[in-house]
Amino acid sequence: MQKEGYIKKQTFYLAIIATLIVGFIGGVLYSVYHSPAVNAEQQAGVNNANTEELIAQLIKNAEGHPDEALHWVELGHAYFDTGQAEKAIESYNKALAIEPGNNDVRTDLGIMYFQNKQPKEAISMFDQALTADPKHPQARFNKGVVLLNALNDEKGALQEWKTLLQVQPEFTVPSGQKLRDLVDGIEKKGN
């Protein structure tokens, strides 16, 4: 039984690791943006080197703690952010093997399948997330994106987005546009 006011060792260690990673990223960002003027090529080289170092550290963490989903998720996110879909898919699948109920990871995995030109696998991931949580907004939105853009199923995409709007009427897409406006525009174009 855990005493009130205390935290588990695992939670404490995960918090330390997360703090180190945030500190590392913050330090990198600070040094990149507060260093003397450099040209774009030099800047890109610094960013690539720092990204490679970060990914190397995340690989080490994941391989050093292969039964901890958090490390695989963090590695998957790094690959996601750097456009390495195949590696992200592998990392996210390892995380889900340990923690199969994580619908946010399942949704991110779906995005990576879409980027890797595997739309049916992407839809499968979104459907699994939506089966567990029918109100999961990002899974529902992303399913519509894949239906529209990869499978040319405008009707299916609109159906998904209208369902999402019933739960979150003010949902905005990553560009900042309201989903309602996007749906209205597609419907007007179809008439």
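This is a predicted model: local features need pLDDT of at least 70, side-chain atom pairs count only at pLDDT 80 or more; totals for chains, interfaces and linings use all residues.

I started with the lining of the largest cavity: helix 8 (154-167) gives the largest share, three residues. Helices here are DSSP runs of H or I, at least four residues, numbered from the N terminus. Residues are numbered from 1 along each chain as its sequence is written, and side-chain values use heavy atoms, with hydrogens and water left out.

Which residues line the largest cavity? I listed P134, K135, H136, P137, R140, T163, L164 and V167. Helix 7 and helix 8 are the elements that give two or more residues to this lining. By class I get four nonpolar, two polar and two charged. (Nonpolar is Ala, Val, Leu, Ile, Met, Phe, Trp, Tyr, Cys and Pro; charged is Asp, Glu, Lys and Arg; the others, Gly among them, are polar.)

The space in the largest cavity comes to about 30 Å³, and the structure holds one cavity of 30 Å³ or more. Terms, for the record: on a 1 Å grid over the protein atoms alone, a cavity is a set of points where a 1.4 Å probe fits but cannot get out, while a pocket is an open set with protein on both sides within 12 Å along at least five of seven lines; a lining residue has an atom within 4 Å of a point. Points are joined across faces, edges and corners, and a volume is the space filled by probe spheres set on them.

Next I looked up the second largest pocket, with a volume of about 180 Å³. I count 13 lining residues, with F114, F141, N142, V145 and N149 nearest the centre. Helix 5 (103-115), helix 7 and helix 9 (179-190) each give two or more residues to that lining. Helix 7 gives the most, seven residues. The classes are ten nonpolar, three polar and no charged.

Last, I took helix 7 (137-149) against helix 6 (119-132): their axes come within 9 Å and cross at roughly 155°. Axes are lines fitted to C-alpha atoms over the stretch in contact, with angles from 0 to 180 degrees between N-to-C directions. Helix 6 and helix 7 are therefore roughly antiparallel (over 145 degrees). The contact (heavy atoms within 4.5 Å) includes F126 and L130 of helix 6 and V146 and L147 of helix 7.

Notes:
Angles under 35 degrees count as roughly parallel, over 145 as roughly antiparallel, 65 to 115 as roughly perpendicular and the rest as oblique.
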